[in-house]
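The tour goes from one selection to the next.

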Amino acid sequence: MNIYDQIVQNQKQFSEGKINYIPHPPEMGDFTKWFPGRMRGDYTAITGGTSSMKTTLAKFLVFRAVGWAIKENIDYKVAWFAFEESQQQFFYSLLSFLLYREKGLRYNIENFEGLGKTVEEKDLPAIQEIMPLFEKYKSYFRVYDTIYNSFGIYKTVRDLDSKRGKFFLGGKEINYEEIHDKGWDKYVPDNPEEYIEIVLDHVGILTPQTGEKDLADAITNLSKNMRQYVSKLLNYSVVWVQQQMMEMENLDHIKENQIYPSIQGLGDNKRVGRDMLNIIGICNPNRFGIRIANTDSGSFNIGELKDYQRVINILKRRYGVVNKKTCLYADGCCGWFEPIPSAGSEGYKKLTEKIKNYG
């Protein structure tokens, strides 16, 4: 299909209500208005300081995308490389998300494991009731929790493709077994309507392999593979989670009110920021004693919201607006985000009362 025909098809589908990207959820408020979703071939980094809810944000975006795929019958699959957590811990977080969204119950891994507080007996039927939905969501994921080196990750992603399409070199199809020796320059999926997403969480825990002198080298190689092959040739969406440098949280930065994530602040290897098509920052101002957050969505009283808020800022977008910042209600217990109602409104009063009850 030529470019013009592709544009006509996309316009027609959009007019009919069919979108050609992985949508960001309406619960992200202005963020979704500025950044509607992740296209095929996108390379998106999420970055923030320690305990800023980087992983939680990545999960929320992907979990909500699975809900969209189920509702619209979209061929969407996620390969999630969990460098920090186990498969079971990952799926506990999925269960937390679904319990809150479907039943309004706030439980997390500690409750499921019985650490300090367990699940109340009266809530067990509700958990049992959503298990079929949980299993349906779970079927969209492949979670890898034992692969830590750059080539191992790339090869695992490539192995996924061997069952979903064909590889070519110089215009000729080649056997998958020949790829390692001969290389490849084109991939054609069996289903051109598929959406495949690769999530790497988080890259500061990579293990350097033979030929890589340190972590920065490992991150460089992984990013090269994700950009040159996975996002560009395979046309997959990549979500990359990267810590900010610890130095970004020192006293001088706090005094200068430079607490928000930056491209220069990418930890362990800031050069890979050049590879990214999109970079999203997430920050908890309350951690730094900030009481008022001024954003493009308005000013927010962090003192009243306590730790149940996060400022999300768009640091880089190759094809869209940048330097946009908003504040969202954020519940780390169940991995939920939503817009904060206007100060003084009934919705805001209910929200702050709910936060008080959470403690």
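This is a predicted model: local features need pLDDT of at least 70, side-chain atom pairs count only at pLDDT 80 or more; totals for chains, interfaces and linings use all residues.

Residues are numbered from 1 along each chain as its sequence is written, and side-chain values use heavy atoms, with hydrogens and water left out.

Start with K213, K270, R271 and R274, which form a positive surface patch. A patch joins like charges within 9 Å, among residues with over 30% relative accessible area and no salt bridge. A salt bridge is a side-chain nitrogen of Lys or Arg within 4 Å of a carboxyl oxygen of Asp or Glu. Helices (H or I, at least four residues) and strands (E, at least two) are DSSP runs. R271 is exposed, at 63% relative accessible area; exposed means over 50%, buried under 20% and partly exposed in between, with a 1.4 Å probe and protein chains only.

Next select D217, in helix α9 (residues 215-231). D217 is buried without a salt bridge, and the nearest side chain of opposite charge, K213, is 4.1 Å away.

Move to the peptide bond from D201 to H202, which is cis, with omega near -25 degrees. H202 belongs to the loop between β9 (195-201) and α9.

Finish with N235, a non-glycine residue with a positive phi of about 70 degrees. N235 is partly exposed, at 36% relative accessible area.

Methods. Patches are made of residues with over 30% relative accessible area and no salt bridge: like charges are joined within 9 Å, nonpolar side chains (Val, Leu, Ile, Met, Phe, Trp, Tyr) within 5 Å. Accessible areas come from the Shrake-Rupley method with a 1.4 Å probe; for residues, only the protein chains shown count as cover. Lys and Arg count as positive and Asp and Glu as negative; His and the chain ends are not counted. The place of a charge is taken as NZ of Lys, CZ of Arg, CG of Asp or CD of Glu.
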